[in-house]
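Hello,

Here is the structure I promised to hand over. Please open it first, then read my notes below.

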Amino acid sequence: MNGLPGGPLSASEKAAERFTDGEWHRLHPATPLLRGGIFFVAVLGFVLSNLRERIVNFFIGAPTSYSGDPIDQIYDRGWEWWALLAVAVVLLAAIGAFYLSWRMHTFRITGDAVEVRSGIFFRTQRKARLDRIQGINVVRPLLARIFGAAKLDITVAGHDANVQLSYLGSVLADGLRADVLRLASGVKAAEQEAADVAQGAAGVDDASGGVAGAVSGLVNRRVNEFLAPELDPNAAPPQSVVKIPPLRLLGSLILSGFTIFIIIVIIVLIVGASTGRYWLLFVVLPGLIGSASFYVNRFTKSLRYSIAGTPDGVRVGFGLLSTSNETLPPGRIHAVEVMQPLLWRPFGWWQIRIDTAGHSKEKGAAGQANTTILPVGDADDVARVLSLVLPGFATEQHRAVISAGMISRGRDDFVGSPSRARWIRPFSWQRTGYSILDGVILLRRGVVWRSLAIVPLARLQSLEIEQGPIDRMLRLASTRLHTVSGPVRPRLPGVDRDQSVALFDTVSAGAIVSAESDRSHRWASLDATAVPNVRPELPVAPSAPAATASTAATAAPAPAASDSEREGS
């Protein structure tokens with residue numbers, strides 16, 4: 001991996017250089033088999049399983065009766081050749097359709113977009129603008145790894161806007177990811193010398209199949225790909241890499257809400273069986289046995305988990321047999337939430353979720369949504385991950401505030417709720433509070449289920465203050481911050497009414513200033529780490545006006561709509 005955007009190119013980037021020339025290129029030759037040919041393999045297995053008696057009879061001559069079998073009818077009427085001809089026609093038609101589909105499925109990468117065309121009779125074209133890319137995920141299913149192929153899932157802001165290249169050569173997929181991110185970062189093209197070298201190296205294991213090496217060399221490459229770590233050791237400094245120990249991962253799965261549900265079901269099953277309701281065994285027991293696969297799948301899919309900082313963004317990788325490796329470019333994370341379930345508190349475990357404007361179609365670690373960037377980790381892991389996803393928010397002063405937001409019981413530097421909020425928040429009113437520091441707002445809430453939401457003001461879309469009848473009686477208000485759709489819900493209930501109005505004015509002004517100065521979507525054109533942390537001039541809190549039932553204001557421009565396009569002919 002190159003150390004800096006626009007710097008020396010890695011081997012995979014050199015191999016991918018000729019695919020970013022703005023011309024149309026085809027996918028991996030094994031794409032038809034990986035995308036649709038598996039269906040015919042399944043059909044063949046079904047046919048063979050139903051003909052196993054005939055196959056045994058053919059080889060050992062055991063007498064068997066097949067009265068009424070359609071195959072007997074074909075034999076009796078002398079239609080064997082017609083049947084074989086029909087099968088051959090169907091197979092040739094299927095192979096021809098897959099071949100045409102592969103020929104008509106092309107992609108190109110230009111200086112401002114990634115485009116994909118597909119379809120035989122009904123043509124479809126999808127386009128993803130580089131400045132709207134939210135992340136790039138390289139997925140390697142088990143079967144695809146055998147063929148040395150991978151899927152490149154380009155996540156774009158908007159609903160159903162992703163562009164997927166299925167499938168590419170494994171090395172090429174890594175190279176194209178780096179090249180696309182280089183283009184999106186503001187680097188228009190590689191140096192001419194690197195491009196010349198890439199032309200000579202492009203024929204090595206690329207998406208068009210290239211020149212196949214010797215069989216032994218091919219086997220060695222596949223074995224090395226299976227044994228290689230999901231994160232290239234040269235892609236990130238070792239001190240930035242966060243990993244999940246297997247025992248901690250297993251413990252987090254056991255200490256989950258699903259386990260509590262299973263325990264309750266087992267208790268109900270035991271009580272029901274002891275009272276003579278044996279029918280519960282037939283209804284519930286199969287589901288309990290199947291729940292074991294839930295734990296096994298989540299555990300195996302999260303093995304070899306790692307998150308690290310690379311020049312192209314935050315890299316999240318996991319998986320044992322089928323692997324996933326996603327890169328989130330700088331400036332694409334709109335909100336972060338650090339949360340701790342009650343069962344994890346004795347072990348000091350935490351989970352981190354994020355909001356982004358687009359989401360990969362693939363599942364994340366532990367089978368959860370890919371918005372869960374850290375499935376389970378201790379306080380040190382949380383600090384390292386936050387320094388990666390919020391790179392300018394990692395000083396000692398910031399860490400002290402974040403630590404207070406995670407574990408403090410209240411009455412500290414956070415602006416908290418007044419004592420009268422105990423009437424609606426009897427347990428959590430002291431912990432509820434907020435803090436604004438260097439262009440970032442932190443919202444703390446929850447006693448049983450601790451939560452700390454962190455929102456860069458440059459990513460804020462709007463801010464809302466609302467009051468219900470009880471809030472008006474107690475002179476309180478609830479504040480809600482709006483970002484892109486996702487699992488993080490930045491909200492703060494039970495805040496003093498006057499303080500909510502002051503917060504509204506401060507955050508609105510700060511969000512506009514931060515959004516105007518933010519250039520992190522072109523992170524190679526300037527020092528992106530300094531941009532999101534512009535600290536706006538905080539206005540003086542005005543005297544509180546009369547409270548209203550609901551107040552909302554736009555704090556920053558919303559992201560542009562999806563640039564994915566479809567057209568049929």
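Start with two helices, α11 (residues 257–274) and α12 (residues 279–302): their axes come within 11 Å and cross at roughly 155°. Axes are lines fitted to C-alpha atoms, for helices over the stretch in contact, and angles run from 0 to 180 degrees between N-to-C directions. Helices (H or I, at least four residues) and strands (E, at least two) are DSSP runs, numbered from the N terminus. α11 and α12 are therefore roughly antiparallel to each other (the word applies to angles over 145 degrees).

This is a predicted model: local features need pLDDT of at least 70, side-chain atom pairs count only at pLDDT 80 or more, and totals for chains, interfaces and linings use all residues. Residues are numbered from 1 along each chain as its sequence is written, and side-chain values use heavy atoms, with hydrogens and water left out.

Who meets whom? In α11, the contact residues include Phe-258, Ile-262 and Leu-269. Among their counterparts in α12 are Leu-281, Leu-288 and Phe-294. Contact means heavy atoms within 4.5 Å.

Now the sheet. Two strands pair if DSSP finds at least two bridges between them. Strands β9 (residues 306–310) and β10 (residues 313–318) run antiparallel and are joined by 5 bridges. Gly-309 has Val-314 in β10 as its bridge partner.

Best wishes

Note on methods: Parallel < 35°, antiparallel > 145°, perpendicular 65-115°, else oblique.
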